[in-house]
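User: Hi! I'd like to go through this structure with you, starting with a loop and then moving on to the ligand. Could you put it up for us?

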Amino acid sequence: MRLILLGPPGSGKGTQAQRLVQRHGIVQLSTGDMLRAAVAAQTPIGLKAKDIMAAGGLVPDEVVVGIIADRIEQPDAHNGFILDGFPRTVPQAEALDALLKQKQMKLDAVIELRVNEGVLLERVERRAAETRARGEAVRADDTPEVLTKRLASYRDQTEPLIHYYSDHRMLATVDGMMPIEEVTEEIGRILAAVGKGGASRSAKKAAAAKRSANAPAKSANKAAKKAAKAAAPGKKAGKAAKKATKTVTKAAKTAPKKASKAAGKAPKAVGRASKAGGRVAKAAAKAAKGTRKTSAKSAKKRATR
Ligand code: ADP
């Protein structure tokens, strides 16, 4: 899933992006965060961006387009991404279109969080106070004066994107004044409408891996039971039991392989969903191991009877 979140500073893009990351196993690509990291690391981009950001202006288009072009290529973005803070100007949106076309990727939705300007100052001040309370450094641009400038940049340069994307029939608007949970639900409904509302593909693959791991183990169990039941005392029984043991062992052996193969197919580096895949594969392997032991044991027991 590939998504853009649009909205002024303090509209809740970051909060909603984090929730979407958890639900869909995709990455949040925030140009603001990336630029702040570049400033902190004093990279050439950071040195260029530092004063512009502190004053509430916009970093040159080519700089942020370059950052995003590199970032969406990274393996952890293969499963999808949420762009937060990008694009911020029409030329950035056009550059993004060209980039996605070149990479044969498609955007699924552009979601605008609409809020009354009156609450933004309050929200940004609250965010600054919470950051301070955690003992962390407050953003240089989270002051009332700079916020006014950031809002002006938003109005002049970013708001035209609302028309850009509604002309492209990509835009959905959500009332960002609702409680966080309701905003999340509304976004969920929009994604469902564009066919992206369910769990991510990797989460689905992990579930399928679990199913395929269980299936051979189950049928192996059945085969063992059947063979043991049919086996008469004597030579025949020994043979049947041996056969059953073989079937069980083989099925149990392939189960974890199948599971981890399927789970391995799911994108690796992506957040929670792939972690869940790993957990499922592990659990499946453990379960199959258990089946192998117990089935082989019971078949042997029966053979010696
Ligand atoms: P906000 O909370 O105001 O939306 P961000 O954390 O997204 O802020 O960005 C902080 C600052 O980083 C912006 O005010 C701007 O200077 C710079 N910046 C972030 N993304 C972009 C972009 N796409 N284009 C230009 N400048 C950007």
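**A loop, a ligand and the overall fold**

Analyst: Happy to. Ser-11 lies in the loop between β1 (2-6) and α1 (13-24). Keep in mind that this is a predicted model.

User: Is Ser-11 buried or exposed there?

Analyst: Ser-11 is buried, because its relative accessible area is 3%, and the cut-off for buried is under 20%.

User: Which residues does Ser-11 touch, leaving out those up to four places away in sequence?

Analyst: With those left out, Ser-11 touches Leu-113, Val-115, Leu-120 and Arg-123.

User: And what lies 2.7 Å from a polar atom of the Ser-11 side chain?

Analyst: That would be the backbone oxygen of Pro-8.

User: Where does UniProt place the "binding site" feature?

Analyst: The unreviewed UniProt entry places "binding site" at Gly-10, Ser-11, Gly-12, Lys-13, Gly-14, Thr-15, Arg-127 and Met-178. Of these residues, Lys-13 is included in the lining of the largest cavity.

User: Let's take Thr-15 from that list. Where is Thr-15 placed?

Analyst: Thr-15 sits in helix α1. Its relative accessible area is 35%, so Thr-15 counts as partly exposed, the class between the 20% and 50% cut-offs.

User: Now the ligand. How many residues surround it, and which are the closest?

Analyst: The ligand is surrounded by 19 residues, and the closest are Thr-31, Arg-36, Gly-57, Gly-85 and Arg-150.

User: Which helix gives the largest share of the shell around the ligand?

Analyst: Helix α2 (residues 31-41) does, with four residues.

User: I'd like some polar distances too. What is the Arg-36 side chain's distance to an oxygen atom of the ligand?

Analyst: An N or O atom in the side chain of Arg-36 is 2.9 Å from an oxygen atom of the ligand. On the backbone side, a polar atom of Gly-85 is 2.9 Å from a nitrogen atom of the ligand, and an N or O atom of Val-59 lies 3.1 Å from a nitrogen atom of the ligand.

User: How much of the ligand's accessible area does the protein cover?

Analyst: On its own the ligand has 550 Å² of accessible area, and the protein covers 96% of that.

User: Last topic, the whole protein. How many helices and strands are there?

Analyst: The protein has twelve helices and five strands. Of its 305 residues, 39% count as buried.

User: What about contacts and surface?

Analyst: Among contacts with a separation of 6 or more, 76% are between residues 24 or more positions apart. The accessible surface of the protein comes to about 17,300 Å², and 54% of that belongs to carbon and sulfur atoms.

Key. Residues numbered from 1 in each chain as written. Predicted model: local features only at pLDDT ≥ 70, side-chain atom pairs only at ≥ 80, totals over all residues. Heavy atoms only, no water. UniProt positions renumbered as here; feature names shortened; annotations may be inferred. 1 Å grid on protein atoms, 1.4 Å probe; cavity = no way out; pocket = protein on both sides within 12 Å on 5 of 7 lines; lining within 4 Å. Helix = DSSP H or I, 4+ residues; strand = E, 2+ residues; numbered from the N terminus. Buried < 20%, exposed > 50% of the residue type's maximum accessible area, 1.4 Å probe, protein only. Contact = heavy atoms within 4.5 Å. Polar contact = N/O pair within 3.5 Å; in protein donor to acceptor, adjacent residues only side chain to side chain. Near = heavy atom within 4 Å. Areas by Shrake-Rupley, 256 points an atom, 1.4 Å probe, with all protein chains shown as cover.
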